[in-house]
Amino acid sequence: MSVRISLDRVDKAFTNRRTGERQQIFRDFSLTLAPDELVAVVGGSGTGKTTLMHLIAGLERPDAGTVSTGGGRPRLGMVFQQPRLLDWTSVETNVRLAATAAGVDTAEVAPILDAVGLTDYARSYPSVLSGGQRQRVAVARAFVVRPEVLLLDEPFSALDELTARRLRLLLQQLWLRTPRTGLLVTHNALEAAFLADRVVVLGGRPAEVVGEYRIDRPRPRSPEDPDLFDVHRRIVAALT
Ligand SMILES: Nc1ncnc2c1ncn2[C@@H]1O[C@H](COP(=O)(O)OP(=O)(O)OP(=O)(O)O)[C@@H](O)[C@H]1O
């Protein structure tokens with residue numbers, strides 16, 4: 001099922017634990033993600049990108065306004081900056097447990113491990129894997145549940161550039177196989193331009209959309225595409 005995500009006139013505030021001050025992160029904030037659209041959100045530190053993701057995931061509730069994810073509770077696949085694997089068990093079991101928890105056939109596990117290039121490591125424990133391999137397990141775990149919504153919170157920012165680049169290409173490949181509605185939070189404007197259908201730049205407090213770029217380049221895209229560098233420059237200009 002393709003899911004439309006809508007935030008409609010959302011307010012969200014937090015109380016700063018140190019100062020006791022109220023921080024209004026969003027006021028009257030609206031954003032829609034079309035079915036199967038991958039939207040990247042970039043913006044300065046503390047603008048509310050992760051909060052936006054938490055609102056969509058249902059981990060935070062808006063103070064006012066509505067967050068709708070297509071009527072029901074869509075199946076979520078999430079990838080974070082750190083892989084957050086279970087260290088006491090194998091790669092295969094890490095992915096299988098995610099499938100079981102989501103009620104998905106565990107026959108999906110082997111193909112997804114193959115797709116992320118980890119078949120030979122299925123029985124290995126996370127501790128023997130490189131950082132890039134661990135993040136591949138996290139990507140497999142997110143995709144094995146056949147997510148209707150994919151939430152990616154700085155998924156590659158802890159990796160060295162070459163590894164990150166490989167994983168971006170992998171993500172593009174998996175996305176092309178089965179597009180789904182997704183939100184990518186990143187500090188990397190080039191990553192945003194490479195992966196997304198649309199890049200939203202958040203700024204200010206309360207946060208506002210200070211720039212929006214539709215990326216019409218056909219997929220599969222090349223990380224060397226000069227048009228993407230062009231968009232990247234414009235995003236960086238909006239950020240600064
Ligand atoms: N549960 C919470 N309780 C109190 N304050 C919070 C909570 N969650 C977020 N905040 C505050 O809300 C603001 C926005 O946080 P958020 O993590 O959404 O920003 P961000 O844009 O993702 O930042 P970064 O790029 O640094 O990760 C920050 O000032 C943060 O301290």
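Predicted model: local features only at pLDDT ≥ 70, side-chain atom pairs only at ≥ 80, totals over all residues.

Colleague: Which residues of α2 are buried, and what do they pack against?

Modeller: The buried residues of α2 are V91, E92, N94, V95, R96, A98 and A99. A residue is called buried if 20 or more other C-beta atoms lie within 10 Å of its own. The buried residues of α2 pack against α3 and α4.

Colleague: What makes S68 partly exposed?

Modeller: S68 has 14 C-beta neighbours inside 10 Å. A residue is buried at 20 or more and exposed at 12 or fewer, with partly exposed in between, so S68 counts as partly exposed. S68 has its place in strand β4 (residues 64-69). The C-alpha atoms of S68 and A207 are separated by 19 Å, and the two residues are 139 residues apart along the chain.

Colleague: How do you know that the span of helix α4 agrees with its number of residues?

Modeller: Helix α4 (residues 131-144) has 14 residues and, at 1.5 Å a residue, should span 20 Å. The expected span of a helix is 1.5 Å times one less than its number of residues. The end C-alpha atoms of α4 are 20 Å apart, so the two values agree.

Colleague: Why is α4 called largely enclosed?

Modeller: Of the 14 residues of α4, 11 are buried, so the helix is largely enclosed by the rest of the structure. The buried residues are R134, Q135, R136, V137, A138, V139, A140, R141, A142, F143 and V144. They pack against β5, α2 (91-101), α3 (109-115), β6 and α5. After α4 comes R146, whose phi is positive, near 50 degrees.

Colleague: What makes β5 and β6 a pair?

Modeller: Two strands pair if DSSP finds at least two bridges between them. Strands β5 (residues 76-79) and β6 (residues 149-153) have four bridges, in the parallel sense, so they meet the criterion for a pair. The bridge partner of L76 in β6 is V149.

Colleague: What does the domain assignment give for the protein chain?

Modeller: The assignment gives domain 1 (30-74 + 148-240) and domain 2 (84-146). Their contact takes 11 residues from domain 1 and nine residues from domain 2. Helix α5 (residues 161-177) gives the most to the side of domain 1 that touches domain 2, with six residues. The residues of that side divide into nine nonpolar, one polar and one charged. The C-alpha centres of domain 1 and domain 2 lie 24 Å apart.

Colleague: Which residues are around the ligand, and which element gives the most to the shell?

Modeller: The residues around the ligand are F14, Q23, I25, G43, S45, G46, T47, G48, K49, T50 and T51. The shell divides into two nonpolar, eight polar and one charged. Both β2 (22-33) and α1 (49-57) supply at least two residues, and α1 gives the most, with three residues. The buried residues in α1 are K49, T51, L52, M53, L55 and I56. After α1 comes G58, whose phi is positive, near 80 degrees.

Methods: Residues numbered from 1 in each chain as written. Near = placed C-beta within 6 Å. Nonpolar A, V, L, I, M, F, W, Y, C, P; charged D, E, K, R; others polar. Domains from an automatic or database assignment. Contact = placed C-beta atoms within 7 Å.
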